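Thanks for coming. I will take a few minutes to walk through one chain, and you can follow along on the screen.

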Amino acid sequence: MENNTQLSKQSKEFLENLTVYLVSKGKETNEIEEIVSELEDHLIQAEGQGKPIEHIIGSSPKDYMRSIANEMLVDHRSAIKNIIGIMVASYSFIILPNLMRGEFSFSILEIMGHLVIAGAFIVAVLAAFRKIIPARLSDKMKYLVFAIISLVTIAAYVALYYVDSMTQTPIITLDSTVSLLIGSIMVLNLILLSIWSKTAVLLVTLLLITLPEYLLNLSPLPYELKQILTLIIMIGGFALYAWFVLKR
């Protein structure tokens, strides 16, 4: 998409939405890039002749996206690989903080509950992409949908944490060598996912979850004050990062 600056804002948004929609449908990445690039050329030519975007995609962007998706094969291998990568990344946010605290034990309830919540989150996000992208909702509505999904997911994790703390289930304990290996694999996976998705949100989230608590635990401050400061830094960090992303 080298000539992207020549396109109108409407065409740019359509190409971005089409890319996200096809990815959520599990289509092959290289094929998506070829189709989007070819469509971009057509849009540039049409706009150069003073023709609107509807001249290329018709009156219904939703139908146009669906027609392209129906003509493409599903890349099952990449879809499975991406889902596994996302699942591993989601586990990073409970395992890596524990490893930094020197905790190498995890309950069966914690592991299975996290698997269910992370799986439900992936399904919800993919379903949202498939529904709201073609519907051409406003940016505020899109943010609202994903904010609701995120809040429900966070609430589910909080509930899991409290249920796990009050329930006795079998414990899996890892030795330090295995824990270091698993932690290294998870960090590498987060880096690769960040490169693939072209966003630092996963790494920023991990840093905000682990680094403030780790640094504050090195201080002589009272335990309750450490917990409060950790929460304030985490929430403030998320707010600043969200503001920075929105400004961009």
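I will go from the whole chain to its helices, then to the cores and a few single residues.

First, the ground rules. This is a predicted model, where local features need pLDDT of at least 70 and side-chain atom pairs count only at pLDDT 80 or more, while totals for chains, interfaces and linings use all residues. Residues are numbered from 1 along each chain as its sequence is written, and side-chain values use heavy atoms, with hydrogens and water left out.

Now the overall picture. The chain has 10 helices and two strands; these are DSSP runs, helices being H or I with at least four residues and strands being E with at least two, numbered from the N terminus. In sequence order the pattern reads α-α-α-α-α-β-α-α-β-α-α-α. Along the principal axes, the C-alpha atoms fill a box of roughly 70 × 35 × 30 Å. Of the 248 residues, 32% are buried. Buried here means under 20% relative accessible area, exposed means over 50%, and partly exposed is in between, with a 1.4 Å probe and protein chains only. Among contacts in the chain with a separation of 6 or more, 75% are between residues 24 or more positions apart; a contact is heavy atoms within 4.5 Å.

Next, helix H1. H1 covers residues 9-24, and its 16 residues reach 23 Å from first C-alpha to last, close to the 22 Å expected at 1.5 Å a residue. That expected span is 1.5 Å times one less than the number of residues. Its buried residues include Phe-14, Leu-18, Tyr-21 and Leu-22. Just after H1, Gly-26 has a positive phi of about 80 degrees.

Tyr-21 of H1 counts as buried because its relative accessible area is 3%. The C-alpha atom of Tyr-21 is separated by 9.8 Å from that of Ala-128, 107 residues apart along the chain.

Which residues have the most contacts inside the largest nonpolar core? They are Phe-14, Leu-18, Leu-22 and Leu-39, in a core of 18 residues. H1, helix H2 (29-48) and helix H4 (61-71) each supply at least two residues of this core. A nonpolar core is a set of buried Ala, Val, Leu, Ile, Met, Phe, Trp, Tyr and Cys residues joined through side-chain atoms within 4.5 Å. Apart from this core lies another, of 13 residues, among them Tyr-91, Leu-96, Phe-106 and Met-186. Beyond four places in sequence, Leu-22 is in contact with Lys-27, Ile-32, Ile-68, Ala-69 and Met-72.

On to H4, where Pro-61, Tyr-64, Met-65, Ile-68 and Ala-69 are buried. These residues lie on the same side of H4 because they cover an arc of only 130 degrees around the axis, the arc being that of the directions from the helix axis to the C-beta atoms. Asn-70 and Glu-71, on the other side of H4, are exposed.

Last, two single residues. His-114 is in helix H6, residues 108-135, and counts as buried because its relative accessibility is 2%. Leaving out residues up to four places away, His-114 touches Ser-90, Tyr-91, Ile-94, Leu-109, Tyr-157 and Leu-160.

Asp-164 is in helix H7, residues 139-166. Is Asp-164 buried or exposed? Asp-164 counts as buried, at 19% relative accessibility. Its side chain makes a polar contact of 2.5 Å with that of Ser-107. A polar contact is a pair of N or O atoms within 3.5 Å; within protein, one must be able to donate a hydrogen and the other to accept it, and residues adjacent in sequence count only if both atoms are side-chain atoms.
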